[in-house]
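Here is a friendly briefing to read alongside the model. Please keep the viewer open and follow the groups below one by one.

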Amino acid sequence: MDQQLALDIMMRGESVFLTGPAGSGKTFVLNQFIDQARKEGKVVAVTATTGLAATHLNGTTIHAWSGIGVRDELEEAFFENFRKDRRKLIKEADILVIDEISMLHDYRLDMIDDICRHVRRDAKPFGGLQIVLCGDFFQLPPVNRPGSRGGGFVVGSRAWDDLAPTICYLEEQHRQDDQTFLEILNALRAGDVRRHHAEALLERVDAELPSHHDTTELHTVNVDVDAINAKKLASLRADEHRYAVSTAGSDNYVETLKRSCLAVEDLVLKKGALVMFLKNNSEQRYVNGTLGTVVGFDKAMDYPIVELMDGRKITVEPDTWELMDGDTKRASLAQIPLRLAWAITVHKSQGMTLDAARIDLRRAFVEGMGYVALSRVRSLDTLSLAGINKTALRISSEALAIDAQLRKKSEADRARFASA
C-alpha cells in the first residue's frame, strides 16, 4: 500500500494498523494524519509506548494517557480513584494514536480498551474512538521482566480482535538506496538470511567509511556509549561551551519529559565535536539523526555552528519539546537540539536515519536488535561493523508469522479501499 492511500483511509475515520519496514515512512504518514485531523477540528490523543517515541510526536506515553501507569491489571477499585482530568481527556478525544505498538503487551491493550469503554460509557471497541496503531513487529518486542506479568504482541489481545483494524502495510522504501543492502534487510525481515547475505555483512567488519567526518557508533549497552562520548570530548583541545535546559510545568511532568527526551540537560560542546540533531527541521533541511561537526560558535548568542556532511553550515538555535496530555500541555523543555554523537545506543537510534554508522552487534541480546541497528543507514557503503553475533541476525518467529497475515490482510484492504 502506498502512503497516500493509507492517509486517505485514516482520514475516512477507519481504525487502522499502520506498519511497514524501517524507512517506509510510517512516522511521516502518521504526522500528516495528525496534522490534517486536527485541522478538521478532531481531538487527537497522540501517545506512544515509550517516552522517547512520544517526544518525537509531541505526545505522551499511552500508560500516562490511559491512567494504567505500570499496572499489570485493573484492580476492582481502579475507577473509584480515577482522576477527573483523566476522564475528561478520554471522553473528549475523537482519535487515539499509539506509536511503537510492537512494545506494548497484549494485556495492556485490553486494559486500555476496558478503560475507554468504561469512561466513555460506550460498549464499542475503545469506547467508539478511532484508533490508529503504528509500528513494526520486527523491531523491539514487549519486555517481560522477572516478577511481572508476561505477555506478547498486541495481535494476541481481545481488543485487537474486537477492533479488527484495517491494515495499512507501507511497501515503498524511502531510506535505503542500495539494492544489495535492501536485499539483506528484506532477508532479515523474512528470516531467510543466506550465506551471501552474511558474507556481505562480514565484509563490512572494520570497513573504512568514505567520509572526512567522524562517524556515529551504535552500541547495545549504555555504558559503552557514555564512555566513548566522554573520552572523545575530553580529547578535544578547545574551550567548552555549556547550554542548560530550561523548563516549564510542574516538577513531576518536567521530570517525566526529561526522562523521555533525547535532549541533554547540561549540553557541553567544543569545536570539533561530532553531534547529532534531535529534531526534524524542514526549513533548514535536517532530520532527527542528521550528523555534523561543531565548527564554531555564533558571536552574538554563542549558539553552535554545525557543518553537515554535505558542507552546509547551520547556526543551531534552541528548540522545544512538549509533554502533551490530549490537547493540554503539561510541560515544556527548551534546549539546543543536539547531542554528542560519537556513540548512541541501538534503542535510542530507533526511528533515526543516519548518514553513516559504525555498529557493534557483538553483544546483541534480543531478536530484532540487529535489524533495528542495520536499517538506520542508507547503504552498505555507509556501514562499518565492529562485529556481529548470531542473535543480531535473528528475527522473532512469531513476528514472521504475524507479518505474513498482515501482508495478506493489507492487500485485501488495499483492493477494497482503492476501488471505493
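K271 is in contact with L236, A238, V294, V295, G296 and F297, leaving aside its neighbours within four places in sequence; contact means heavy atoms within 4.5 Å. This is a predicted model, in which local features need pLDDT of at least 70 and side-chain atom pairs count only at pLDDT 80 or more, while totals for chains, interfaces and linings use all residues. Residues are numbered from 1 along each chain as its sequence is written, and side-chain values use heavy atoms, with hydrogens and water left out.

**K271 and its loop**
- K271 sits in the loop between β10 (266–269) and β11 (274–277); helices (H or I, at least four residues) and strands (E, at least two) are DSSP runs, numbered from the N terminus.
- With a relative accessible area of 51%, K271 is exposed; the classes are buried under 20%, exposed over 50% and partly exposed in between, using a 1.4 Å probe and protein chains only.
- K271 and G289 are 18 residues apart in sequence, and their C-alpha atoms are 20 Å apart in space.

**Helices α5 and α6**
- The axes of α5 (residues 84–92) and α6 (residues 106–120) come within 9 Å and cross at roughly 90°; axes are lines fitted to C-alpha atoms, for helices over the stretch in contact, with angles running from 0 to 180 degrees between N-to-C directions.
- On the α5 side, R87, I90 and K91 meet I115, C116, H118, V119 and R120 of α6.
- The residues of this contact divide into four nonpolar, one polar and three charged, where Ala, Val, Leu, Ile, Met, Phe, Trp, Tyr, Cys and Pro count as nonpolar, Asp, Glu, Lys and Arg as charged, and the others, Gly among them, as polar.

**D113 in α6**
- D113 belongs to helix α6 and is buried, with a relative accessible area of 0%.
- A polar atom of the D113 side chain lies 2.7 Å from the backbone nitrogen of F126.
- Beyond its neighbours within four places in sequence, D113 is in contact with P125, F126, R158 and A159.

**Cysteines**
- A search of the whole structure finds zero disulfides, a disulfide being a pair of cysteine sulfur atoms within 2.5 Å.
- C116 is in no disulfide, and the nearest cysteine sulfur, that of C134, is 18 Å away.
- For C168, the closest cysteine sulfur is in C134 at 10 Å, too far for a bond.
- C116 counts as buried at 0% relative accessibility, and C168 counts as buried at 0%.

**Helix α8**
- In α8 (residues 179–189), the residues F181, L182, I184, L185, A187, L188 and R189 are buried.
- These buried residues pack against β6 (166–169), α9 (195–202), α13 (369–374), β20 (383–388) and α14.
- At the start of α8, a side-chain oxygen of D178 reaches to within 2.9 Å of the backbone nitrogen of T180.
- Just after α8, G191 takes a positive phi of about 65°.

**D403 in α14**
- D403 is found in helix α14 (residues 397–418) and counts as buried at 11% relative accessibility.
- The side chains of D403 and Y169 make a polar contact (2.6 Å); such a contact is a pair of N or O atoms within 3.5 Å where, within protein, one must be able to donate a hydrogen and the other to accept it, and residues adjacent in sequence count only if both atoms are side-chain atoms.
- Not counting residues up to four places away in sequence, D403 touches F138, Y169 and R189.
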